[in-house]
Structures are given as C-alpha cells and as structure tokens.
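Keep the structure open as you read.

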Amino acid sequence: MGYVNFSYGLLTFLGFIFGYSHINVINLPIWIQFKVYKSAFWTPEYDNLPSRDDKVSLTHGKLHGGEVANLQLVDTYPLSGKIPQKFNCYDTWVIERSNHGERSYNEDFIKKSTKAIQDISKRGYTTINIFASTNPMHNSKIVKENFRMDVRTRKISVIVYQSIGPKHVYMEAHKI
C-alpha cells in the first residue's frame, strides 16, 4: 500500500467538509505527518509501538557554521545513498538506531533527536533540512517536543524531504 497522494491543504479541506478531525497517519508521507502533528485541527491516530532500548547514536561532522543544517533521523531503514550529494556541503547531525527495520518506540531516539534540534537552533542556523525514515510514533514525539512552538520564538525554517521513486531518494522538499 502506498502513501496517500493529497496535498496537506486538500486533506484538511476534505476533513473539514466531511466533518473529520481524526486521521490515521500510517499511510501519510512523513512531511504530512509533521504538518498533522503541528496542527490544532487534526487529532492524529497511530499504533502504539512496543518500546525497545536498542542503541542510538548521535553524530555530526566537523561543524563549519552557515545558515543551513541537515538532520538525518535514521530509524526504520538506513539513509546512506538516498540523500543527494548537493546536501553534503551543510553541517549534518545524524541520529541512528542500531535496529533498522524494526518498528518500535525508543525514548533515547527522541531525546537525542531533541538534543540535536536544540543544538542546531542554538548555533543560529536559519534552515534545517530533515531527512527521516521514522515511524509515526517517533514523528509525533519529535514534532510535539520541538516544532509546536510559536514561530516568533524560533526563527528557523523547517524543510522535510520526502523520498521518491523506486530508489527512495530524498528529493521532494516540503516546508513545515
């Protein structure tokens, strides 16, 4: 089964017209999940996943500064070879679970993701590119803990990249 192929605006319009405020996010693209979790309109629904304490690493390369930072959230599958080379020039934080392919909740993954986002914000970047292979439960926690703040308090643009095509290359940008 593929992703729902509607824009967020159309999805919300249809929800309003037909009186739906609950939405199951399982078959929504990650960028729409981020918008749903930020929204006051939608009440998202997803399966609660079992907790796992697998190892989570947080790494970043040598930091040069600049206006743009990348955040790779490596959860359900590896992202190597799926992010275009044009993004290699930006400072990059990588949060990665050791058990790819296993849909589960990991509190340490959320803590390290939040730490990376706060670090990016404190360093003065104006744009954060997010490349994620995360499950809906992780997306919910990450958005609620980091991106539901009033936009006046955080002057950073958030762009979530969606993977497309048979090779799942992250090329489709969506501003959140």
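In this predicted model, α3 and α4 pack at an angle of about 40°. Angles under 35 degrees would count as roughly parallel, and 65 to 115 as roughly perpendicular. The two helices are therefore oblique to each other. Their axes lie 10 Å apart, and the crossing of α3 past α4 is right-handed. Which residues meet there? From α3 come Phe109, Ile110, Ser113, Thr114 and Ile117. From α4 come His138, Lys141, Ile142, Glu145 and Asn146.

Now follow α3 itself. At its N-terminal end sits a cap, Asn106. A side-chain oxygen of Asn106 lies 2.9 Å from the backbone nitrogen of Asp108. Just after the helix, Gly124 takes a positive phi of about 85°.

Which residues of α3 are buried? They are Phe109, Ile110, Ser113, Thr114, Ala116, Ile117, Asp119 and Ile120. These buried residues pack against α4 (136–146) and also against strands β3 (56–60), β4 (68–74), β5 (91–97) and β6 (127–132).

Helix α4 has another partner, α2 (residues 30–38). Their axes are 9 Å apart, at an angle of about 45°. This pair is therefore oblique as well. The crossing of α2 and α4 is right-handed. On the α2 side, Ile30, Gln33, Phe34, Tyr37 and Lys38 make the contact.

Notes: Residues are numbered from 1 along each chain as its sequence is written. This is a predicted model: local features need pLDDT of at least 70, side-chain atom pairs count only at pLDDT 80 or more; totals for chains, interfaces and linings use all residues. Side-chain values use heavy atoms; hydrogens and water are left out. Buried means under 20% relative accessible area, exposed over 50%, partly exposed in between (1.4 Å probe, protein chains only). Helices (H or I, at least four residues) and strands (E, at least two) are DSSP runs, numbered from the N terminus. Contact means heavy atoms within 4.5 Å. A polar contact is a pair of N or O atoms within 3.5 Å; within protein, one must be able to donate a hydrogen and the other to accept it, and residues adjacent in sequence count only if both atoms are side-chain atoms. Axes are lines fitted to C-alpha atoms, for helices over the stretch in contact, and angles run from 0 to 180 degrees between N-to-C directions. Angles under 35 degrees count as roughly parallel, over 145 as roughly antiparallel, 65 to 115 as roughly perpendicular and the rest as oblique. A crossing is left-handed if the near helix is turned anticlockwise from the far one by less than a right angle, and right-handed if clockwise.
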